[in-house]
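User: I'm about to go through a new model. Can we take it piece by piece?

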Amino acid sequence: MLKQPPWWQSAVVYQIYPWSFQDSNGDGIGDIPGIISRLDYLNDGTPSSLGIDAIWLSPIYPSPMVDFGYDVADYCDVDPRFGTLSDFDCLVKEAARRGIRIIMDLVLNHTSDRHPWFRSARASRTSPERDWYFWADGKGLWRRPSNWNARFGGSSWTWDPASHQYYLHSFLPSQPDLNWGNPALKAKMLEVVQFWIDRGVQGFRLDAINWIGKDIRWVNNPRRYGWRGYTRQQHLHDRDQPLAHQVMRDLRTAVSCYPDVVLIGEASADTPGGPASFYGTSSDELHMVFDFRLLKSPWRADCFRELMTDGDRAVPPDDWPTIVFSNHDQSRHIDRYGSGGDVDRRARAAAVLLFTLRGTPFLYYGEELGMRNGRLRYRDLRDPYTKRFWPFRVGRDPARTPMQWDGSPQAGFTTGLPWLPISQTFPTVNVEQSADDPSSLFHLYQRLIQLRRSTPALLHGTYIPCKCDHDDVVVFLRRDGQGNGSGRHILVAVNFSERPAVCSVSGIDNEGTLLLSTHDRHEQRMPWRTGQLDLRPDEAVVVQMQAEPVQLFSKR
Ligand code: NOJ
Ligand code: CA
């Protein structure tokens with residue numbers, strides 16, 4: 001009997017930013033009852049819905065919201081802005097009725113400074129929670145314990161006048177870092193994991209994992225001359241310590257009796273050994289780790305060709321990759337990839353990659369509609385990071401504008417004043433319009449999700465990069481080692497240029513059946529022209545090969 005792959009390997013995960021999905025009570029802020037009211041859009045069991053399998057919910061915990069929920073004040077409750085624990089229970093139940101699982105966001109590296117643990121820790125040097133955070137004396141009268149700088153700007157050390165020591169924070173001063181070297185803290189956090197598992201959660205997205213663990217000798221980080229901001233020093237001592245891996249192993253052990261619970265890590269791209277090091281040396285850490293390489297890449301064939309292959313190879317043979325182009329921390333990929341080209345056509349080609357590369361696709365609310373970054377004025381901004389670097393960086397608020405449901409004044413998101421302005425595109429880019437237009441990006445996402453679900457090679461097949469004689473075209477195969485007959489080999493080709501491209505793919509000269517194109521093609525046996533692949537500008541195709549390709553280039 002073949003072992004059934006775990007659910008999350010075949011799943012499509014949809015990230016909801018709770019502030020922005022659907023408001024139910026007119027306060028302009030999205031909430032859990034709002035999400036419940038929109039579940040049918042995500043999956044109602046019929047082909048007319050999007051068809052996703054799981055929701056990753058960005059933090060919904062009580063929080064002062066300085067970092068919009070990534071500053072947690074209580075890990076075992078729901079912020080009143082979003083609803084109550086019983087609303088959450090209802091969400092889990094209603095989602096399950098539709099075959100949708102819930103993945104919680106778990107912020108491990110830090111809490112809010114309003115968390116009772118930190119309040120107690122700062123209240124007295126002898127408090128039992130004091131050691132749950134990092135405290136240190138200054139070097140001399142005015143010098144901080146080390147030169148470490150914080151991810152969101154400024155020093156990582158803030159003076160606490162009450163207890164006369166500095167505390168450490170890798171992000172905002174209101175996000176003190178937790179000391180995972182303290183066994184009581186670790187035990188408490190494992191209770192948090194259990195609390196949500198008991199409520200029916202089937203996974204956790206673990207925030208900023210490579211910041212867990214510091215060199216507590218407070219050694220200065222070396223300077224990097226010529227670099228500015230966070231990268232102006234080499235972060236040798238304030239992150240990427242072995243303890244982070246130990247914590248991941250402990251979490252994995254803690255969930256090992258729940259075979260359906262998945263752990264997904266977020267680590268920064270420049271962590272030594274790469275984020276993939278968090279799969280562990282023997283698959284003993286996380287089930288999946290985000291790979292942001294493609295997300296950070298320009299829309300260029302040479303970059304994608306290399307990064308897709310690198311990304312696939314970086315994942316240990318028994319582990320499973322993630323595919324992600326957008327999230328709440330980045331400018332939306334439609335704007336990034338689309339810059340300097342045909343935005344809509346590139347978004348369609350990117351969608352093909354998202355659902356045909358090997359790994360679990362993560363999509364970010366609204367990307368299926370082609371939602372663009374909101375064009376915001378300084379006074380509209382809410383996120384401290386976006387404000388700090390405005391207007392030199394796009395920042396994060398533009399990608400967090402409310403979901404565009406219809407063409408009504410607040411896009412169907414709220415009856416009140418939205419917490420961030422609705423993006424200007426909403427009259428034409430919205431769910432209602434997309435559903436009515438068979439050529440919409442939404443329909444392409446739907447078709448790709450269905451195609452992926454019904455094609456074993458796309459779900460579980462190996463990834464085989466192919467050589468092709470056109471610089472602007474990227475071609476790969478997905479091969480289902482277990483199946484037989486047709487459908488075992490799926491070829492995907494993407495033309496990254498704005499010109500038509502005719503090319504040969506070495507090792508492949510047999511024809512295929514066109515399963516999907518981003519363009520309006522009626523022919524079935526295209527896009528082959530006398531042994532050559534014939535692609536239109538910015539076109540991506542998915543082709544089922546009729547016969548075993550002559551040669552497979554790199555077997556894993
Ligand atoms: C990564 C999260 O995705 C981001 O939104 C947050 O600000 C930082 N971690 C700090 O928690
Ligand atoms: Ca609300």
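User: Where is Asp 240 found?
Analyst: Asp 240 sits in the loop between β7 and α7. Keep in mind that this is a predicted model.

User: What is phi there, and is Asp 240 buried or partly exposed?
Analyst: Phi of Asp 240 is near 55 degrees, a positive value in a residue other than glycine. Asp 240 is partly exposed, with a relative accessible area of 21%. The cut-off for buried is under 20%.

User: Which loop holds Ala 208?
Analyst: Ala 208 also lies in the loop between β7 and α7. Its phi is positive too, near 50 degrees, but Ala 208 is buried, at a relative accessible area of 2%. Most residues other than glycine have a negative phi.

User: OK, β7 then. How many of its residues are buried?
Analyst: Five of the five residues in β7 (residues 203-207) are buried, so the strand is largely enclosed by the rest of the structure. Gly 203, Arg 205 and Asp 207 are on one side, with Phe 204 and Leu 206 on the other. In a regular strand the side chains alternate between the two faces of the sheet.

User: Which strands pair with it?
Analyst: Strand β3 (residues 101-107) pairs with β7 in the parallel sense over four bridges, and Val 107 has Asp 207 as its bridge partner. Strand β8 (residues 262-265) pairs with β7 in the parallel sense, again over four bridges. There, Phe 204 is bridged to Leu 263. From β7 the chain crosses through helix α7 (residues 242-255) to β8, and this β-α-β crossover is right-handed.

User: Switching topic. What coordinates the calcium ion (ligand 2)?
Analyst: The donors are Asp 23 (OD), Asn 25 (OD1), Asp 27 (OD), Ile 29 (O) and Asp 31 (OD), at 2.2 to 2.4 Å. Their spacing in sequence is D-x1-N-x1-D-x1-I-x1-D.

User: Are Ile 29 and Asp 31 buried or exposed?
Analyst: Both Ile 29 and Asp 31 are buried.

User: And helix α5, which residues are buried?
Analyst: In α5 (residues 116-123) they are Trp 117, Phe 118 and Ala 121. Seen down the axis of α5, these buried residues fall within an arc of 90 degrees, so they line one face of the helix.

User: What do they pack against?
Analyst: The buried residues of α5 pack against β4 (135-136), β6 (165-168) and α6 (183-198).

User: Last one: where is the cis peptide bond?
Analyst: It joins Trp 390 and Pro 391, with omega about -5 degrees. Pro 391 is in the loop between α12 (384-389) and α13 (431-436).

Conventions: Residues are numbered from 1 along each chain as its sequence is written. Chains are lettered from A and ligands numbered from 1 in the order in which they are written. This is a predicted model: local features need pLDDT of at least 70, side-chain atom pairs count only at pLDDT 80 or more; totals for chains, interfaces and linings use all residues. Side-chain values use heavy atoms; hydrogens and water are left out. Donors are N, O and S atoms within 2.8 Å of the metal (3.2 Å for Na, K and Ca); water is not among the atoms, so sites may look incomplete. Buried means under 20% relative accessible area, exposed over 50%, partly exposed in between (1.4 Å probe, protein chains only). Helices (H or I, at least four residues) and strands (E, at least two) are DSSP runs, numbered from the N terminus. The arc is that of the directions from the helix axis to the C-beta atoms. Contact means heavy atoms within 4.5 Å. Two strands pair if DSSP finds at least two bridges between them. A crossover is right-handed if, with the strands pointing away from the viewer, the path from the first strand over the helix to the second runs clockwise.
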